Amino acid sequence: MFPFMFYFLYLSWNQYSGPDFGLYEIFYSTNPNMVGYHDKTIFTQGVDFTVLTNIEPGKTYYIIISAYTAQGAFISTSEVKVTYNLINYGINALIIGGIIAYILIMIKIFFRKRKMRRIGIYLTNFLKNFLPCNIHVF
């Protein structure tokens, strides 16, 4: 489990391997007694992860994952506690910084190419006026 980008939580588990799979249900709350919980249902047995949304930064979350069989029996994990700490904030800051740096580099490359294309057009026009041969720009 990893709180990602402050408002999302990546959550993974071991798949239920029985032939009578029904569904996974994920319960999560900021209350250790699961009062006011939210839930998310997954109907595909091969899925072993999900991303929980609307996670509030800095809050502690309590999570239980249950696998239900087609007959209604279930197996649940123990309650798991997920908290934000300085490492989570640092990793998220690095991810956001990397995304911003990538965008800035792409913008710089885009404008450099536009500028080089303009220089190429000016150079071609200049050469057309002073050289006796035909010049084509592709």
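Start by selecting F21, which is buried, with a relative accessible area of 13%. The model on screen is a predicted one.

Now show the two rings together. A pair of aromatic rings is described by the distance of the centres and the angle of the planes. For F21 and Y24 the centres are 4.8 Å apart and the planes make an angle of 55 degrees, a tilted pair.

Ring pairs connect W13, Y16, F21 and Y24 into a cluster. In the whole structure, a search finds six aromatic pairs.

Leave the rings and turn to the backbone. Most residues other than glycine have a negative phi. Two stops show a positive value.

Select M34, in the loop that runs between β3 (21–29) and β4 (38–42). M34 is not a glycine, yet its phi is positive, near 60 degrees. Is M34 buried or exposed? With a relative accessibility of 13%, M34 counts as buried.

Last, move to the loop between β5 (49–53) and β6 (61–69) and select N54. Here too the residue is not a glycine, and the phi of N54 is positive, about 60 degrees. Is N54 buried or exposed? N54 counts as exposed, because its relative accessibility is 68% and the label applies over 50%.

Conventions:
Residues numbered from 1 in each chain as written. Predicted model: local features only at pLDDT ≥ 70, side-chain atom pairs only at ≥ 80, totals over all residues. Heavy atoms only, no water. Phe/Tyr/Trp six-rings, centres within 6.5 Å; stacked < 30°, edge-to-face > 60°. Buried < 20%, exposed > 50% of the residue type's maximum accessible area, 1.4 Å probe, protein only. Helix = DSSP H or I, 4+ residues; strand = E, 2+ residues; numbered from the N terminus.
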